[in-house]
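Here are some comments for a colleague who is about to look through this model.

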Amino acid sequence: TTPLVSVLLHGPAASGKTALAAQIAIDSGFPFVKLLSPEDMKGYTEMAKVQHINKVFSDAYKSRTSVVVVDNIERIIDWVPIGPRFSNMVLQTLMVSLTQQPPSGRRLLIIATTTQRAVLKQLDMYDSFDANILVPNVETYDELRFILEQSESFTPEEINRALQNIGGIVDDQRIGIGIKRILRGIEN
């Protein structure tokens, strides 16, 4: 019944935030799903970014139910910690888009990702989200075992051997590695 819901997925780099956001968007079954990513706006001027963001949200309002994934917010606003510097025009456009209610009879889910939650707090953007969810790294051997088993790429003996070898490297029994890096390792 809520016309606008916005969720921030935050966590370390390569923890799977973008993949999780994309899966939620796909699983929603909403007819309109759009990804706003820094890669799509590479080389855009500040004004071109603003226009692109406005177009995505305008298109989303045309559908009864829509999902907009805003990936890697800090890169979209050109955040640079030296200074600090960012595009205020793009930031303001995103902040308005995150809180603007869709037209009557329309529903919009916004899922955003960031590795810089503290930056969003500094910029007063953090409170624009209805909810925030931590997407942690893979921390335990049991989590890693589960991932390796689900990949179906290894025998149980190979998994046990790999976990024992990792145990010889890691002193505190904490793995702390992103799912993206693990999956890349499995693929190689």
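1. In this predicted model, the structure holds one aromatic pair. Trp79 and Phe86 form that pair, with ring centres 6.3 Å apart and planes at 25° to each other, and the pair is classed as stacked. Trp79 counts as buried because its relative accessibility is 16%, which falls under the 20% limit, whereas Phe86, with a relative accessible area of 32%, is partly exposed.

2. A ring also features in a contact with a charge: the charged end of Lys121 sits over the ring of Tyr126, at 4.9 Å from the ring centre.

3. Helix H2, covering residues 46–62, and helix H4, covering residues 88–99, have axes that come within 9 Å of each other and cross at roughly 10°. Since angles under 35 degrees count as roughly parallel, H2 and H4 are therefore described as roughly parallel to each other.

4. On the H2 side, the residues that meet H4 are Glu46, Met47, Lys49, Val50, Ile53, Asn54, Phe57 and Tyr61, and their counterparts in H4 are Asn88, Met89, Val90, Thr93, Leu94 and Ser97. Sorted by class, this contact of H2 with H4 has eight nonpolar, four polar and two charged residues.

5. For the chain overall, eight helices and five strands are assigned, and from the N terminus the elements follow the order β-α-β-α-β-α-α-β-α-β-α-α-α. The C-alpha trace spans about 55 × 40 × 30 Å along its principal axes, and 41% of the 188 residues count as buried. Among contacts with a separation of 6 or more, 80% come from residues 24 or more positions apart.

Note on methods. Residues are numbered from 1 along each chain as its sequence is written. This is a predicted model: local features need pLDDT of at least 70, side-chain atom pairs count only at pLDDT 80 or more; totals for chains, interfaces and linings use all residues. Side-chain values use heavy atoms; hydrogens and water are left out. Rings of Phe, Tyr and Trp (its six-membered ring) pair if their centres lie within 6.5 Å; planes under 30 degrees apart count as stacked, over 60 as edge-to-face and the rest as tilted. Buried means under 20% relative accessible area, exposed over 50%, partly exposed in between (1.4 Å probe, protein chains only). A charge sits over a ring if NZ of Lys or CZ of Arg is within 6 Å of the ring centre and within 35 degrees of the ring normal. Axes are lines fitted to C-alpha atoms, for helices over the stretch in contact, and angles run from 0 to 180 degrees between N-to-C directions. Helices (H or I, at least four residues) and strands (E, at least two) are DSSP runs, numbered from the N terminus. Angles under 35 degrees count as roughly parallel, over 145 as roughly antiparallel, 65 to 115 as roughly perpendicular and the rest as oblique. Contact means heavy atoms within 4.5 Å. Ala, Val, Leu, Ile, Met, Phe, Trp, Tyr, Cys and Pro count as nonpolar, Asp, Glu, Lys and Arg as charged, and the others, Gly among them, as polar.
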